[in-house]
Amino acid sequence: MEASVEGVFRAERGRILATLIRVLGDFDHAEDALAAALEAALQQWPRDGHPDNPRAWLLRAARNRAVDEVRRVTRARRRAEVLYAPPDEEEEDFAVADDRLRLVFTCCHPTLALESQVALTLRTLGGLSTEEIARAFLVPTPTMAQRLVRAKHKLRDAHVPYRVPEQTELSERLTAVLAVIYLIFNEGYAATSGDTLVRRELAVEAIRLGRLLCELMPEQARPRGLLALMLLQDARRDARVGTDGQPVLLEDQDRSRWDRAEIEEGLALVESALRPPDPYALQAAIAALHAQAASARETDWAQIASLYVALHALTPSPVVRLNHAVAVAFAEGPDAGLRLLDVLDAEGSLAGYHLLHAARADLLRRLGRPEDAADAYRAALAHVGNESERSFLERRLAELSGTCARA
């Protein structure tokens, strides 16, 4: 029963917390109220049975905790009565429907630095742990914890309103909002830690937010590009993990298991999102080339490599260069790709990024250099956080160890 309660809590946490922040106007109070609601559920649901509407039950329990806290600390009876008053169900459903989008824009207020905007939204809306967010930013966990605390206090002290901005403000905040949604998706697409590679609930949440943003800003191409990218990447999820729970490389995936409905929806969005091109639209165009290819061998890797060059011109990044090098390896051969990866490795900008070492290991393996490949796999294992990916890398290393012994 405890596992069942916690499962409901994980599924509903984001929307409940977003609603509580709207009602209470404070991140910390909302998190305390939600924690109290979970504690009450763990005590009462095993005894009384699951409620018909678990989310409404948790929200009521959190509201009651908030009321008690308001009365105890401030004795503001009028505010407590407003909070305690049973909400109109239709009005509450309407409010809840957009609360998470309001929370995204609140967390992405310009009073915060961009990285703090993204980190705070990932923590509150996406439910990621501080350690997971620190991995996403490649910073120490204590540094990220301090950043989150400062961000919440800054929003509280600035009395930032909890609302979707007016049209004139939307464009200014759109860049951070898109980054937030995509980072949430990425954590669902390839979890930075834990036992499983895919965290489906986060990917679903990010796609839902992407759809809402497209509805809110239909004249903007950038949200369409992001939604297209997420749909085309998410379409591969069922083929990305084998029956043993380990990752399946793109070239080895059973493409009949790709979600054709998501692919068709994503492809329909790509063309309009490319005018003018932006980073999400270019990545969506790359994903579209993968989706349209009948096999890895038939993929237009030269075009993909060219798109990564265009992407790097817009957003210079060592990760983009890493992806470009992999595309070059498929288009021109592993030697060409390895030369680019060796330059990246020597620069040290991705020294703690396990995918750089894993990519080098794969190319070295393909080139028949098992000992060098084994060293690269060991470097990847030193930095990988996800257990599913760790198992995959350990298996590849074991296979190479056998090759080295035979040699």
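## Exercises on salt bridges and a helix pair

Glu251 is partly exposed, with a relative accessible area of 33%. The exercises below concern a predicted model.

**Exercise 1.** Determine which residue forms a salt bridge with Glu251, and where the two partners lie.

*Solution.* Step 1: the partner is Arg366, with the closest N and O atoms 2.5 Å apart. Step 2: Glu251 belongs to the loop between helix 11 (221-234) and helix 12 (260-273), whereas Arg366 is in helix 17 (residues 354-366), so the pair ties together parts that are 115 residues apart in sequence. Step 3: Arg366 has a relative accessibility of 36% and therefore counts as partly exposed.

**Exercise 2.** Describe the salt bridge between Arg22 and Asp99, including the accessibility of each partner.

*Solution.* Step 1: the side chains meet at 2.7 Å, N to O. Step 2: the pair links distant parts of the chain, with Arg22 in helix 1 (residues 2-24) and Asp99 in helix 5 (residues 89-107), 77 residues apart. Step 3: Arg22 has a relative accessible area of 27% and is partly exposed, while Asp99, at 0%, is buried. Step 4: the whole structure contains 26 salt bridges.

**Exercise 3.** Characterise the packing of helix 15 against helix 17 by axis geometry and by contact residues.

*Solution.* Step 1: two packed helices are described by the angle and the distance between their axes. Step 2: the axes of helix 15 (residues 318-332) and helix 17 come within 11 Å and cross at roughly 15°. Step 3: angles under 35 degrees count as roughly parallel, and helix 15 is therefore roughly parallel to helix 17. Step 4: their crossing is left-handed. Step 5: Leu322, Val326, Ala329 and Phe330 in helix 15 meet Leu355, Leu356, Ala359, Leu363 and Arg366 in helix 17. Step 6: the residues of this contact comprise eight nonpolar, no polar and one charged.

Note on methods. Residues numbered from 1 in each chain as written. Predicted model: local features only at pLDDT ≥ 70, side-chain atom pairs only at ≥ 80, totals over all residues. Heavy atoms only, no water. Salt bridge = Lys/Arg side-chain N within 4 Å of Asp/Glu carboxyl O. Helix = DSSP H or I, 4+ residues; strand = E, 2+ residues; numbered from the N terminus. Buried < 20%, exposed > 50% of the residue type's maximum accessible area, 1.4 Å probe, protein only. Axes fitted to C-alpha atoms, helices over the stretch in contact; angles between N-to-C directions. Parallel < 35°, antiparallel > 145°, perpendicular 65-115°, else oblique. Left-handed = near helix turned anticlockwise from the far one by under 90°. Contact = heavy atoms within 4.5 Å. Nonpolar A, V, L, I, M, F, W, Y, C, P; charged D, E, K, R; others polar.
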